[in-house]
Amino acid sequence: MALIENLNLWSPSKLQRNLALNSPPKLFNFKPSATHSIRKTLHTCRCSLVNEQQQQQASFTDQEKQLIDALIGIQGRGKSASPQQLNDVERAVQVLEGQDGEGDPTSSDLIEGLWQLMFTTRPGTASPIQRTFVGVDFFSVFQEVYLRTNDPRVSNIVKFSDWIGELKVEAAASIKDGKRILFQFDRAAFSFKFLPFKVPYPVPFRLLGDEAKGWLDTTYLSHSGNLRISRGNKGTTFVLQKKTDPRQKLLAAISTGTGVEEAIDEFISLSKSVAKDEPVLLEGEWQMIWSSQVETDSWLENAGNGLMGSQIVKNEQMKFLVNILPGIRFSMIGKFVKSGTKTYDVTMDNAALIGGPFGYPLEMETKINMELLYNDDKIRISKGYNNILFVHLRASDGSK
């Protein structure tokens with residue numbers, strides 16, 4: 001997080017594991033007589049959510065969308081980014097930093113509020129706290145900025161979950177110029193849902209001296225107030241958003257493993273309301289990141305049904321590709337034909353185990369009716385084998 005890089009302090013790795021393993025208690029016991037009212041409320045909430053997402057989708061400029069597209073698929077807010085992904089993000093960041101955003105971001109009301117951290121670079125000076133929390137998708141990381149009060153503050157918040165609580169690290173802040181915020185950490189605490197009091201974070205800020213101080217430059221603040229790029233005093237770049245792209249919300253649900261099918265339903269409802277054309281099966285390499293069915297005990301069955309690895313679509317052919325062991329891959333090739341406005345008949349019948357230049361053929365055949373529910377140049381949602389829902393991310397465009 002933007003200020004966490006200055007805290008070279010205690011790393012609560014045991015806490016991280018314990019929080020990740022906890023599950024929410026069962027809190028609700030609805031009465032049958034309330035069913036109609038509940039359904040009406042859920043319908044109203046869902047409509048409100050779709051309207052909100054439609055507004056969010058329209059709140060980014062083309063250059064800002066290029067940065068958001070570059071962020072799609074990056075795990076751990078940059079921790080697991082490939083060199084190509086890092087280059088794409090840095091290029092999009094530099095484009096925006098050269099654009100006319102808010103001229104004096106620290107003087108703008110748009111900088112105020114709660115920002116979610118979407119991406120950060122990883123300098124060698126990153127603190128144990130940053131390494132522990134920021135790179136874990138299960139946790140949400142925020143920055144809270146309030147400069148127009150009698151007690152100006154910038155706070156970093158690690159939200160473990162809605163039912164566990166959060167860690168909040170606060171800093172007294174001041175404005176140096178139109179872009180720079182000076183800060184000094186002075187307090188921090190855990191707020192757990194199961195405790196009626198806060199648990200102090202065990203750091204003696206007053207004894208840290210310059211280690212508790214730093215600065216943060218805002219190099220781009222969008223006119224909509226939804227996107228911010230900042231660079232810290234230790235050379236770290238941060239991308240933060242107030243409103244997230246609907247695809248980012250779906251990927252966040254997949255990362256945490258909670259409410260994925262509900263997130264897919266909402267996302268598809270939104271896409272139908274804004275889509276101009278029917279989805280098309282795009283060429284490229286597509287990595288499966290989620291399916292509605294868990295894998296069976298047979299890896300061969302999983303691989304043959306597309307429940308593992310990646311799919312490569314090119315020249316009206318489809319290939320399932322799974323890395324089994326180092327140097328050993330499962331490959332299955334077939335053809336697809338368009339059978340409806342958004343459906344395809346897929347026949348996979350050429351399977352083999354491949355090790356280096358050698359291949360061992362396997363007698364297998366799989367016939368699939370694939371329905372495209374959503375497809376753009378980054379993400380694909382489909383129904384495949386046995387009506388299983390799949391979410392794929394595009395790893396390459398297949399041009400090589």
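**Close-up views of the predicted model**

**View 1. Glu316 sits in the loop between strand S11 (310-314) and strand S12 (317-325).** The structure shown is a predicted model, in which local features need pLDDT of at least 70 and side-chain atom pairs count only at pLDDT 80 or more, while totals for chains, interfaces and linings use all residues. Residues are numbered from 1 along each chain as its sequence is written, and side-chain values use heavy atoms, with hydrogens and water left out. Strands (E, at least two residues) and helices (H or I, at least four) are DSSP runs numbered from the N terminus. Take a look at the backbone here: Glu316 is not a glycine, yet its phi is positive, at about 60°. With 58% relative accessibility, Glu316 counts as exposed (over 50% relative accessible area; buried is under 20% and partly exposed lies in between, with a 1.4 Å probe and protein chains only).

**View 2. Asn386 belongs to the loop between strand S17 (379-383) and S18.** Asn386 is a residue other than glycine with a positive phi, near 60°. Its relative accessible area is 57%, so Asn386 is exposed.

**View 3. Ile333 is part of strand S13 (residues 328-338).** The relative accessible area of Ile333 is 25%, which means that this residue is partly exposed. Follow the chain for 15 residues from Ile333 and you reach Met348, with 5.6 Å between the two C-alpha atoms. Beyond its neighbours within four places in sequence, Ile333 is in contact (heavy atoms within 4.5 Å) with Gln317, Met318, Lys319, Met348, Asp349 and Asn350.

**View 4. Phe160 and Phe190 form a stacked aromatic pair, one of ten aromatic pairs found in the whole structure.** The ring centres of Phe160 and Phe190 are 6.4 Å apart, and 20° separates the planes. Rings of Phe, Tyr and Trp (its six-membered ring) pair when their centres lie within 6.5 Å, and planes under 30 degrees apart count as stacked, over 60 as edge-to-face and the rest as tilted. Phe160 comes from strand S3 (residues 153-161) and Phe190 from strand S5 (residues 180-192), so the pair ties together parts that are 30 residues apart in sequence. Phe160 and Phe190 are both buried.

**View 5. Phe190 also pairs with Phe192.** Their centres are 5.5 Å apart and their planes meet at 5°, so this pair is stacked. Both Phe190 and Phe192 are buried. Widen the view to find a cluster in which ring pairs link Phe139, Phe160, Phe190, Phe192, Phe194 and Tyr201.

**View 6. A search of the whole structure finds one cavity of 30 Å³ or more.** A cavity is a set of points on a 1 Å grid over the protein atoms alone where a 1.4 Å probe fits but cannot get out, and lining residues have an atom within 4 Å of a point. Grid points are joined across faces, edges and corners, and the volume is the space filled by probe spheres set on them. The largest cavity holds about 60 Å³ of space. Its lining is made up of Asn305, Gly306, Gln311, Phe320, Ile368, Met370, Ser382, Gly384, Tyr385, Phe390 and His392. Strand S16 (366-375) and strand S18 (389-396) are the elements that give two or more residues to this lining.

**View 7. Stepping back, the protein chain has nine helices and 18 strands.** Of its 400 residues, 44% are buried. Among contacts in the protein chain with a separation of 6 or more, 60% join residues 24 or more positions apart.

How values were computed:
1 Å grid on protein atoms, 1.4 Å probe; cavity = no way out; pocket = protein on both sides within 12 Å on 5 of 7 lines; lining within 4 Å.
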